[in-house]
Amino acid sequence: MEAVTGGPRGPAQPAAGPAGRGERLLRRVLVGSGPDNPLRHAVRLPSRPGRPAPWPSWAPRSVVDALQAAGVETPWTHQAEGAELAHAGHDVIVATGTASGKSLVYQLPVLARFAADPRATALYVSPTKALAADQLRALIALGIDGLRPAPFDGDTPMPERDWARRNARWLFSNPDMLHRSLLPRHGRWSAFLRRLSYVVLDECHTYRGVFGSHVALLLRRLLRIAGRYGARPTIVLASATVADPAAFAHTLTGRDVVAVTDDGSPTAGRTVALWEPPLLPELAGENGAPVRRSAQAESARMLADLVLEGARTLAFVRSRRGAELTALGAQGAVAAVDPDLVPRIASYRGGYLPEERRALESALAAGELLGVATTNALELGVDIAGLDAVVVAGFPGTRASFWQQAGRAGRARDEALVVLVARDDPMDTYLVHHPQALLGAPIESCVLDPSNPYVLAPQLACAAAELPLTEADVHGVFGGAAAAAVLGELVDDGVLRRRPTGWHWPSAHNQPAASVDIRGSGLGQVAVVEAATGRVLGTVEGTSAPATVHPGAVYLHRGESYVVESLDLESGISLVRAETPDWRTDARSTSDVEIVAVHSHRDLGPVQVFFGETRVTTQVIGYQRRSRDGTVLESVPLDMPAQTLDTRAVWYAIDDRALEEVGIRAARIPGSLHAAEHAAIGLLPLFAICDRWDVGGMSTACHPQTGLPTVFVHDGHPGGAGLAERGHAVLRRWLRATRAAIADCECRTGCPSCVQSPKCGNGNVPLDKAGGVAVLDVVTARLPDPVAGP
C-alpha cells in the first residue's frame, strides 16, 4: 500500500508523475472541489496477479466446458481449495474479496453432484432478492441441461412457486421465504428436502446482530427438518473478508466449518482517497455549530464530475432519501453541461417495487446507466464489479462493508478510484484524520447471539410448530440450557405444551412464523400509500416509521417529494400527498433508561462500570421543519405512541467529586455527559459491526438507580445484539478513540463531526465539548490497559 502524499492531519495531493486512471479521476474531482483542499489522505493499492489452479479431476467435462465458455478459463487457488473441501463433504466458508469469484466454490461441487445424481437438490440462500436473481441469471446463462433452477422469493408468482416446489432442483431463495413459507409447509417440500445435498449461504457476513441471530436459529430449523427426511446437506458459505470466519460460521450454522481465506484472484489497482468536505463559514447549524458541506452534496457533485468524464460510477449513500437526493443533485449538475447524459444517472434503493428494481438492475448491467446513487442494496446486489469509480458517502459502518463497496471498482487493465466522503459524524471525522484505523486495521468480527431469549422464544415456537421439539433437539440443536429456560417460559405462558414426547405447538392451523419478524424490527413494514390514487410507493421499517413517516414528514420516492398526511401503525399504512416543499423535517424524541439487571460491575473508585439488561422507553414528541440551509423554521408537537425496548447496555457512573476535580461543576455535568455519550455512540462502529443507528444512549446528571452522573449506551434491538457487550469488552480503547475524536475536531464548542448527533431527541442541548473530553479523561484514567486490539 503506497501513500500518495500528505499525512493524516493535513491535506493531500495526488502524486506527481505518471498516473493511472484512478489518480486521473481523483484530480478531476479535486478540480471541482473549490479553493479549500478537502483531500485528507490518499493511497495507491497496487494490482495483484491471480494464482490459477487446475480444474478438479472430479469436475464433469460438460460443466468445465460451460464455465470456460462463460469466461472462466481456470479456477483461482481459493476457488479450487474451497470446491475440493465442499466436494469431499466438508462444510466450508470462503472469505475473500469482492469479485474474487466465490460463486465458483459452490457451483462446481453442486453441478458435479447434479451430474452424478439426477435426483439431487440444492438450496441457495442470499440476504437480498437482487443477489439471488443475479446468481440465478448467471447459472441459467451457463446453459447446462437438467439443472431446473428456480427462484422462490416474495416476487415469485404463485404458479411459479408451485412449479418450483414440484420440479426445481436448485432453489434460489432468502431467509424470509424459508422462515415464512418453506419450513412451515415442509411436508409439501419433502421430496426436495429428502434429496438436499448442498445449502449455499451467500454474503453470510450480513447475518449479524439480531437478524443474524434469527438466521442462525432458522438454519438450525432447516437442518433439523432436512435431517427428519434423511438428508445431511453440506454447507458452503461465501463471505466478504471478516475476522475469524470459521468461528463466525460455526456460530451461524452450529457446525464445524473450514475457512478458506487465501485469495488467489487478481485485483486491479485502486487509488483510495479520504475526503473531508469543507466548512461553510456562511452557515451555522444547530445551536450555532459550524456546518460542513454535506457528504451527500459532495458526493452528488463528484458523481456528476465522474459521469461527465465517462467513468462508470456508483455512489453509495447511507439512506434511501439520500440516494434519491444524490441522484437528483448529480442530474442537475450534469444537465448544465451535457443534458444528454441526464437519463444515464439514476437512484437505486430498497422500497422500490419489484418491476422498478429489475429495470434498474438490467440498465446498470447493460451499461445504459453511467452513474447510480444507491443504498447498500447494491453492495450485495447484481454483479457490477469492474466500475471506474466508487464514491462512498459516509463510512458504511464497518471496514468489511467499506471494502465490499470499494471492491465494486477496478478493472483488470487500469486502476480505479475509491473515495470515502466523510459525513458530519464523529466516526467519519476520526477515520479521515486517522487513516490507519481504516486502511491498516484488521476487519471486524461479526457479532450475533443465537441465545438471545427474544430471538430464541419465537424461533423455538416456530420449530415446535414444524415438528415437536425433543430433548435431543434442545441440547443438540438449539443450544442447551438457554433454550430449555426459554421453553419453560413458553410453556408457562401457554404458547407451547409439554408432553412426554417433547414440546408441541397447540394449533394445527395457525402457524407462528407469519407473526415473527426475523429482520428484528418487531413491527414489520409500513406501506407508504399515495392518498389520492391508492398507489403503493414503497415501504419503511415499522420501528423507524414514527420518526420517518409521521404526519407532516417529507418523504421522497424516486425523486418525487411527498408530505405525510397520516400514520397508522396498527394497520401498517402511511398516507402521503404529492408536494414539493422547500423545507425538510427532523423528528424529535425523548428517552428513559431503567436498569433491569446487572451482569457485570467493576468498582474503579470514583468510576463504576456496568453491563446488563435495561428497559428503554422512547417517544417521538415532535419534529422541526428546516430550510435547505438547516435553519429551524418551526417546531411542531406530535403525540406518537411510546415504544418500549428491553435490551442490553453498557454504562458508567462517576462520582460528582471526581468531576469537580477536573473543573466540571454541577451546571456543566449534563452537557459534559451528553457530549461524551453522543461521541461514544458515533465511535462504537469502530469496534463492533454496526452503525450509530443500531445503538442508542442516554445521559443524566443523576440517575435514580445509580444515584450518580451516568452515561448509558444500549443496543437498539430487543434482547440486545451483542454490540453493547462488545463495547463493554473494549471500553478503554473505545472511549480513548472517542476522546481523540472530540479533541481532534477543529470546531470550538461542538459540531456534528464530534459531539452533535442527528438522532438527539433533545435538539443537541445541552452539549459541552470540553466537558466531554474531561469526562472521558476521568473514566479512561481508571480503566485497565487493554490486552488486545479492537
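Is C751 buried or exposed? C751 counts as buried, at 4% relative accessibility. Buried means under 20% relative accessible area, exposed means over 50%, and partly exposed lies in between, with a 1.4 Å probe and protein chains only. This is a predicted model, where local features need pLDDT of at least 70, side-chain atom pairs count only at pLDDT 80 or more, and totals for chains, interfaces and linings use all residues. Residues are numbered from 1 along each chain as its sequence is written, and side-chain values use heavy atoms, with hydrogens and water left out.

**Cysteines**

- The structure holds zero disulfides. A disulfide is a pair of cysteine sulfur atoms within 2.5 Å.
- C751 is in no disulfide. Its nearest cysteine sulfur belongs to C745 and is 3.5 Å away.
- C702 is partly exposed, with a relative accessible area of 49%.

- Helices (H or I, at least four residues) and strands (E, at least two) are DSSP runs, numbered from the N terminus.
- Two strands pair if DSSP finds at least two bridges between them.
- Seven strands form an open sheet with parallel pairing, in the order β5-β6-β4-β7-β8-β3-β9.
- At the edges are β5 (149–152) and β9, and each pairs on one side only.
- From one strand to the next, the twist averages 20 degrees. Axes are lines fitted to C-alpha atoms, for helices over the stretch in contact, and angles run from 0 to 180 degrees between N-to-C directions.
- Strand β7 (residues 196–201) runs parallel to β8, joined by four bridges. Here L201 stands opposite L237 in β8.
- Four bridges also join β3 to strand β8 (residues 234–239), again in parallel. V92 faces V236 in β8 as its opposite residue.
- Strand β9 (residues 258–260) pairs with β3 in the parallel sense over three bridges. V94 stands opposite V260 in β9.
- In a regular strand the side chains alternate between the two faces of the sheet.
- Strand β3 (residues 92–95) is covered on both faces. V92 and V94 are buried on one side, and I93 and A95 are buried on the other.
- Helix α10 (residues 245–253) lies across β3, β7, β8 and β9. Helix α10 runs at about 130 degrees to β3.

**The five-strand sheet**

- This open sheet has mixed pairing and the order β21-β20-β24-β23-β22.
- β21 (536–541) and β22 (554–557) stand at the edges with a single partner strand each, so one side of each has no neighbour in the sheet.
- Neighbouring strands are turned by 35 degrees against each other on average, direction ignored.
- Strand β20 (residues 525–530) and β21 run antiparallel, joined by five bridges. A527 has T539 in β21 as its bridge partner.
- Helix α12 (residues 320–335) packs on the sheet and touches β21 and β22. Its direction makes about 65 degrees with that of β22.

**Helix α25**

- How does length fit the model? The expected span of a helix is 1.5 Å times one less than its number of residues. The 14 residues of α25 (residues 769–782) should therefore span 20 Å, and the end C-alpha atoms are 21 Å apart, which agrees.
- Ten of the 14 residues of α25 are buried, so the helix is mostly covered.
- The buried residues include G771, G772, V773 and A774.
- Among the elements that cover them are β26 (607–627), β28 (643–654) and α22 (669–683).
- D768 caps the N-terminal end of α25. One of its side-chain oxygens lies 3.4 Å from the backbone nitrogen of A770.

**Two residues up close**

- T780 sits in helix α25. T780 is buried, with a relative accessible area of 8%.
- A polar atom of the T780 side chain lies 2.7 Å from the backbone oxygen of L776.
- Leaving aside neighbours within four places in sequence, T780 is in contact (heavy atoms within 4.5 Å) with R732, L735 and R736.
- Y652 is found in strand β28. Y652 counts as buried, at 6% relative accessibility.
- Not counting residues up to four places away in sequence, Y652 touches residues including L735, V775, L776 and V779.
- Y652 and S197 are 455 residues apart in sequence and 51 Å apart in space, C-alpha to C-alpha.

How values were computed: A polar contact is a pair of N or O atoms within 3.5 Å; within protein, one must be able to donate a hydrogen and the other to accept it, and residues adjacent in sequence count only if both atoms are side-chain atoms.
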